Amino acid sequence: MILQRLFALLLLAVCAALAVMAWPYQAAFSYEPVGPRAYPLLMLGLMGLGLLYLAIRPTPIVRKDDEPELDRETLIKIATCVGLLIVFASTFEALGFILSAVLVGIPMARLYGGRWLHSALVVVGMSLLLYWLFDRVMDVPLPLGLLSVLEN
């Protein structure tokens with residue numbers, strides 16, 4: 001129980017440090033009414049509230065039998081997910097949203113048991129749908145990257 005509380009307090013300190021770093025952020029342009037700083041501060045605030053609860057709750061969290069063990073295989077999956085997210089973030093501008101989402105989405109789906117054809121179809125479809133939704137419906141521009149030659 002003490003390790004759970006220490007871990008929650010450590011993450012709470014990280015959230016506080018990130019909030020201090022995000023507070024002075026000012027973008028050169030803003031197309032949102034509240035500005036680009038509100039989203040990270042809101043997420044860090046919600047994470048901080050959850051971590052504060054975890055640090056002061058009266059009883060420990062007990063693992064149930066249906067939850068997976070935190071064994072080597074699970075840790076490898078977690079590390080692979082983090083690695084894939086880093087690949088997505090690093091290729092987002094150069095390749096564009098659609099290609100980087102496909103590049104990361106298919107291995108992510110395969111990591112969690114998806115078959116090749118189903119994974120490819122769902123990831124490509126979701127990438128195209130999400131690009132259209134952000135770009136056309138919500139008017140949030142996403143980079144096309146290598147596919148910019150297809151644009152009007």
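I began with helix α1: its buried residues (buried is under 20% relative accessible area, exposed over 50%, partly exposed in between; 1.4 Å probe, protein chains only) pack against α2 (38–56). Contact here means heavy atoms within 4.5 Å. This is a predicted model, where local features need pLDDT of at least 70, side-chain atom pairs count only at pLDDT 80 or more, and totals for chains, interfaces and linings use all residues. Residues are numbered from 1 along each chain as its sequence is written, and side-chain values use heavy atoms, with hydrogens and water left out.

**Entry: the chain overall**

I listed the secondary structure next. Helices (H or I, at least four residues) and strands (E, at least two) are DSSP runs, numbered from the N terminus. The chain has 5 helices and 0 strands. Read from the N terminus, the order is α-α-α-α-α. I then looked up burial: of the 152 residues in the chain, 19% are buried. For contacts with a separation of 6 or more, I found that 58% join residues 24 or more positions apart.

**Entry: helix α1**

I checked the length of α1, residues 2–22. The expected span of a helix is 1.5 Å times one less than its number of residues. For the 21 residues of α1 that gives 30 Å, and the end C-alpha atoms are 30 Å apart, so the two agree.

Which residues of α1 are buried? I found R5, A8, C15 and A22. They cover an arc of only 105 degrees around the axis, which puts them on the same side of α1. The arc is that of the directions from the helix axis to the C-beta atoms. On the other side of α1, I noted I2, L3, F7, L10, V20 and M21 as exposed.

**Entry: L51 and C15**

L51 sits in helix α2. L51 has a relative accessible area of 10%, so it counts as buried. What does L51 contact, leaving aside its neighbours within four places in sequence? The list is A8, L11, L12 and C15. I took the C-alpha to C-alpha distance for one of these pairs: L51 and C15 are 9.3 Å apart in space and 36 residues apart in sequence.

**Entry: cysteines**

C15 has a relative accessible area of 5%, so it is buried. C81 is buried as well, because its relative accessible area is 14%. I searched for disulfides, taken as a pair of cysteine sulfur atoms within 2.5 Å. The count is 0.

**Entry: transmembrane annotation**

I looked up the UniProt record, an unreviewed entry. Its "transmembrane region" annotation covers residues 38–56, 76–104 and 116–134. UniProt positions are given in the numbering used here, feature names are shortened, and annotations may be inferred rather than shown by experiment. I checked two of the spans against the model. Residues 38–56 are 100% helix and 0% strand, with the end C-alpha atoms 27 Å apart. Residues 116–134 are also 100% helix and 0% strand, and their end C-alpha atoms lie 27 Å apart.

**Entry: aromatic rings**

I searched the whole structure for aromatic pairs. Rings of Phe, Tyr and Trp (its six-membered ring) pair if their centres lie within 6.5 Å; planes under 30 degrees apart count as stacked, over 60 as edge-to-face and the rest as tilted. The search gave 3 pairs. In the pair F92 and F97, the ring centres are 6.2 Å apart and the planes are at 80 degrees, so the pair is edge-to-face. F88, F92 and F97 form one aromatic cluster. F97 counts as buried, because its relative accessibility is 10%.

**Entry: helix α5 and D135**

I repeated the length check on α5. Its 22 residues should span 32 Å at 1.5 Å a residue; the end C-alpha atoms are 30 Å apart, which agrees. The buried residues of α5 are S119, V123, S127, Y131 and D135. They cover an arc of only 95 degrees around the axis, which puts them on the same side of α5. The face turned away from the buried side of α5 carries the exposed residues L117, L121, L129 and R136. What covers the buried residues of α5? The cover includes α4 (97–111).

D135 counts as buried, because its relative accessibility is 15%. Not counting residues up to four places away in sequence, D135 touches V140, P141 and L142. Just after α5, I noted that D139 takes a positive phi of about 60 degrees.
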